[in-house]
Amino acid sequence: TTLYLNFGAGISDSLATTVEEFRNINGTGIGGKGTGTDLTEDNIIYSLTDPLEFVPLNYDFNGVGGFNQADIVAQSRLSSGLWSPSILMWS
């Protein structure tokens, strides 16, 4: 499964973590429910120990060739009205 998240310009390299670490990204939260997205709830079939890897999507969003700061701005404009702060797309 591929999950696209919009972190803006926040990730410049890959980030390896687990489902549990991502759920508790800013602490365990109220009642131990975590402070991030819980990928073990509802119909999502991940376990807490499953690995996650976040990698930057260097895509030519403005269509002029290559990837640079202008693409980050173009992507932000495309995604700003869809679901902020993150865009989720499943494939």
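Reading from the N terminus, the elements of this chain run β-α-β-α, which comes to 2 helices and 2 strands. Helices (H or I, at least four residues) and strands (E, at least two) are DSSP runs, numbered from the N terminus. Keep in mind that this is a predicted model: local features need pLDDT of at least 70, side-chain atom pairs count only at pLDDT 80 or more, and totals for chains, interfaces and linings use all residues. Residue numbers start from 1 along each chain as its sequence is written, and side-chain values use heavy atoms, with hydrogens and water left out.

**The chain overall**

Of the 91 residues in the chain, 18% are buried. Here buried means under 20% relative accessible area, exposed means over 50%, and partly exposed is in between (1.4 Å probe, protein chains only). The chain exposes about 6600 Å², and carbon and sulfur atoms supply 54% of that; the areas come from the Shrake-Rupley method with a 1.4 Å probe, and for residues only the protein chains shown count as cover. As for contacts (heavy atoms within 4.5 Å), take those between residues at least 6 apart in sequence: 56% of them join residues at least 24 apart.

**The core and its ring pair**

The largest nonpolar core has 5 residues in all: Val-19, Phe-22, Leu-39, Leu-52 and Phe-54. Such a core is a set of buried Ala, Val, Leu, Ile, Met, Phe, Trp, Tyr and Cys residues joined through side-chain atoms within 4.5 Å. Two elements give two or more residues to this core, namely α1 (19-23) and β2 (51-54).

There's 1 aromatic pair in the structure. The ring centres of Phe-22 and Phe-54 are 5.1 Å apart with the planes at 45°, so the pair counts as tilted. For reference, rings of Phe, Tyr and Trp (its six-membered ring) pair if their centres lie within 6.5 Å; planes under 30 degrees apart are stacked, over 60 edge-to-face, and the rest tilted. This pair ties together distant parts of the chain, with Phe-22 in helix α1 and Phe-54 in strand β2, 32 residues apart. Both Phe-22 and Phe-54 are buried.

**The two strands**

β1 and β2 run antiparallel and are joined by 4 bridges; strands pair if DSSP finds at least two bridges between them. Thr-18 stands opposite Pro-51 in β2.

Over in strand β1 (residues 15-18) you'll find Leu-15. Its C-alpha atom is 8.2 Å from that of Leu-52, 37 residues away along the chain. Thr-17 lies in strand β1 too, and a polar contact of 2.7 Å joins its side chain to that of Glu-21. A polar contact is a pair of N or O atoms within 3.5 Å; within protein, one must be able to donate a hydrogen and the other to accept it, and residues adjacent in sequence count only if both atoms are side-chain atoms.

**Three residues in the table**

Thr-37 sits in the loop between α1 and β2. Thr-37 and Glu-20 are 17 residues apart in sequence, and their C-alpha atoms are 9.4 Å apart. The contacts below leave aside residues up to four places away in sequence.

| Residue | Relative accessible area | Contacts |
|---|---|---|
| Leu-15 | 42%, partly exposed | Leu-52, Glu-53, Phe-54 |
| Thr-37 | 44%, partly exposed | Phe-22, Arg-23 |
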